[in-house]
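Thanks for making the time this morning. I would like to take you through one model, looking at its charged pairs, its backbone geometry and a few of its helices and strands.

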Amino acid sequence: MSIKSFGAKIFASIIHKKTQKWANDPVNTQKRVFEQLINEAKQTAFGKDHNFESITTHEEFVKHVPVRDYEELKPYVDRVVAGENDVLWKGKPLYFAKTSGTTSGAKYIPLTKESMPYHIEAARNAILAYVHETGKADFVDGKMIFLQGSPILDEKNGIKLGRLSGIVAHYVPAYLQKNRLPSYKTNCIEDWETKVDAVVEETVNLNMSLISGIPSWVQMYFEKLKEKKDKPIGEIFPNFNLFIYGGVNYEPYRSKFEQMIGRKVPSIELFPASEGFFAYQDTQTEKGMLLLLNAGIFYEFIKAEEFFSDNARRYTIGEVELGVNYVLIISTNAGLWGYNIGDTVQFVNLKPYRVVVSGRIKHYISAFGEHVIGKEVESAIQQAMEGTTVTVNEFTVAPQITPTEGLPYHEWLIEFGNEPEDLEAFALKIDNALRKQNMYYDDLIVGKVLRTLVISKVKQEGFQDYMKSIGKLGGQNKLPRLSNDRNIADRLKLY
């Protein structure tokens with residue numbers, strides 16, 4: 001055992017004890033975070049506008065601070081971007097994490113000196129939780145790759161801005177720098193395909209032990225490695241024994257990855273976003289990710305089925321229930337208040353509080369009242385693949401409301417790695433799995449409002465071509481699993 005791996009085990013034990021302390025006292029932990037946030041922001045423009053001086057309880061907070069998304073908070077953000085002090089949080093942010101927006105164009109998410117450390121600590125603690133539970137730390141002696149955005153930062157009114165993953169790249173601790181890949185030069189390449197080619201050249205002959213990134217883009221990296229060496233990834237990197245991912249559910253990719261690697265590799269799921277680092281997988285034996293209750297974020301939860309109704313109730317951590325689909329609302333030490341990040345979660349454990357990401361409040365299908373969410377379609381296709389040789393590279397689902405003949409249906413656009421022998425039988429397996437999960441969808445099938453879903457095959461690399469065509473190939477960009485319209489589906493069918 002090396003000194004580095006031995007040290008990792010000791011550090012992991014220390015962090016585990018600290019984690020247990022707050023995880024075993026969740027309500028009081030969140031109460032302290034809430035009080036600290038309100039107290040620190042009383043003299044900001046937002047705090048003055050929303051009577052923070054008079055807020056001492058969550059009920060008072062709900063009364064004074066409505067739920068907002070980025071577009072609704074944008075007037076305050078614009079003042080921060082313009083260089084004004086003490087708007088959403090005291091002083092000015094350290095950075096803006098620039099992300100793709102919707103109606104507002106680019107989004108500028110503030111990162112402050114108080115919020116930034118939590119992004120770094122959470123990623124570190126996820127790895128240390130794995131070390132503590134498994135006792136495995138040898139991977140720290142090998143090379144580690146983090147597929148991420150460019151670390152080159154722009155500047156706006158004296159504040160640096162860039163992709164979150166590029167900003168985080170500047171905070172890699174010194175003890176990992178010698179092991180970390182890709183090189184700074186390669187990491188600065190903007191074109192994703194060129195970047196992945198360069199990453200392959202840099203890593204193909206090295207001792208890679210840890211690989212991290214969004215599954216869809218790591219898959220692209222693996223495919224290029226296999227093409228170059230004509231070997232499974234597990235033979236190219238015999239010491240590769242930990243995969244870290246976030247952004248999308250890994251399960252639909254797992255069988256494809258295991259086929260490419262040639263064996264099973266342990267994985268750690270993360271739940272990071274520009275707005276905050278919310279959760280990480282803290283155990284290999286239990287489902288879900290530990291919700292980070294002491295990380296400068298106060299959480300509220302609104303039942304997804306009530307979200308669009310007037311005066312929907314905002315629950316705190318001590319009031320949530322297992323298995324309910326909640327819209328995640330956050331208030332943070334970066335100055336986001338009552339902020340809807342757009343993600344939905346379900347609690348799978350309440351001691352400690354563990355969640356799974358169930359989808360996006362804007363990414364769903366309910367063209368016929370079926371209320372189908374991302375978690376359901378991912379689970380359905382995963383169940384259909386079990387016990388088969390079928391692998392799926394990527395997929396998305398959209399409603400077909402006006403077919404040329406027959407009843408309407410859900411169209412599944414799938415790029416297969418290994419196709420099923422009987423496409424209709426495979427579609428039926430998915431359909432049955434979805435019906436078991438979603439009673440509204442089942443009722444529509446039984447009532448002959450909808451017919452069984454239809455699979456449309458997408459050509460190899462068709463999803464990559466689509467993402468490239470809209471300028472979102474690589475990095476932190478993700479394809480929606482579900483759409484309530486046909487904008488994505490109709491574009492994909494052109495490829």
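What we have here is a predicted model, in which local features need pLDDT of at least 70 and side-chain atom pairs count only at pLDDT 80 or more, while totals for chains, interfaces and linings use all residues. Residues are numbered from 1 along each chain as its sequence is written, and side-chain values use heavy atoms, with hydrogens and water left out.

Let me start with the strand β12, which covers residues 297–303; helices (H or I, at least four residues) and strands (E, at least two) are DSSP runs, numbered from the N terminus. Seven of the seven residues of β12 are buried, so this strand is largely enclosed by the rest of the structure, where buried means under 20% relative accessible area, exposed means over 50%, and partly exposed is in between, with a 1.4 Å probe and protein chains only. In a regular strand the side chains alternate between the two faces of the sheet. In β12, Ile297, Tyr299, Phe301 and Lys303 lie on one side and Phe298, Glu300 and Ile302 on the other, and both faces are covered. The strand pairs with β13 in the antiparallel sense over seven bridges, pairing being assigned if DSSP finds at least two bridges between two strands. Within that pairing, Lys303 stands opposite Tyr326 in β13.

Lys303 also brings us to the charged pairs. The structure holds 23 salt bridges, each defined as a side-chain nitrogen of Lys or Arg within 4 Å of a carboxyl oxygen of Asp or Glu. Which residue forms a salt bridge with Lys303? The partner is Glu321, and the closest N and O atoms are 3.8 Å apart. Glu321 lies in the loop between β12 and β13 while Lys303 is in strand β12, so the pair ties together parts that are 18 residues apart in sequence. As for accessibility, Glu321 counts as partly exposed at 39%, whereas Lys303 counts as buried at 15%.

A second pair is Lys493 with Glu411, whose side chains meet in a salt bridge with an N to O distance of 2.8 Å. Lys493 lies in the segment after α18 (487–492) and Glu411 in strand β19 (residues 409–418), so this pair ties together parts that are 82 residues apart in sequence. Lys493 is partly exposed, with a relative accessible area of 47%, while Glu411 is buried at 1%. Salt bridges that share partners join Glu411, Arg486, Asp490 and Lys493 into one network.

Glu376 is buried yet has no salt bridge, and the nearest side chain of opposite charge, Lys375, is 7.3 Å away; here Lys and Arg count as positive and Asp and Glu as negative, with His and the chain ends not counted. Leaving aside residues up to four places away in sequence, Glu376 touches His371, Leu434, Gln437 and Asn438, a contact being heavy atoms within 4.5 Å.

Turning to the backbone, most residues other than glycine have a negative phi, and most peptide bonds are trans. Against that background, a cis peptide bond joins Leu181 and Pro182, with omega about 0°, and Pro182 lies in the loop between β6 (180–181) and α9 (184–187). The bond from Lys351 to Pro352 is cis as well, with omega near 0°, and Pro352 is placed in the loop between β14 (339–350) and β15 (353–360). Positive phi values occur at Asn51, near 55°, in the loop between α3 (45–49) and α4 (58–64), and at Lys448, near 60°, in the loop between α16 (439–446) and β20 (454–457).

Finally, the 15 residues of helix α11 (residues 215–229) should span 21 Å, and its end C-alpha atoms are 21 Å apart, which agrees; the expected span is 1.5 Å times one less than the number of residues. Among the buried residues of α11 are Trp217, Met220, Phe222 and Leu225. Just after α11, Asp230 takes a positive phi of about 55°.
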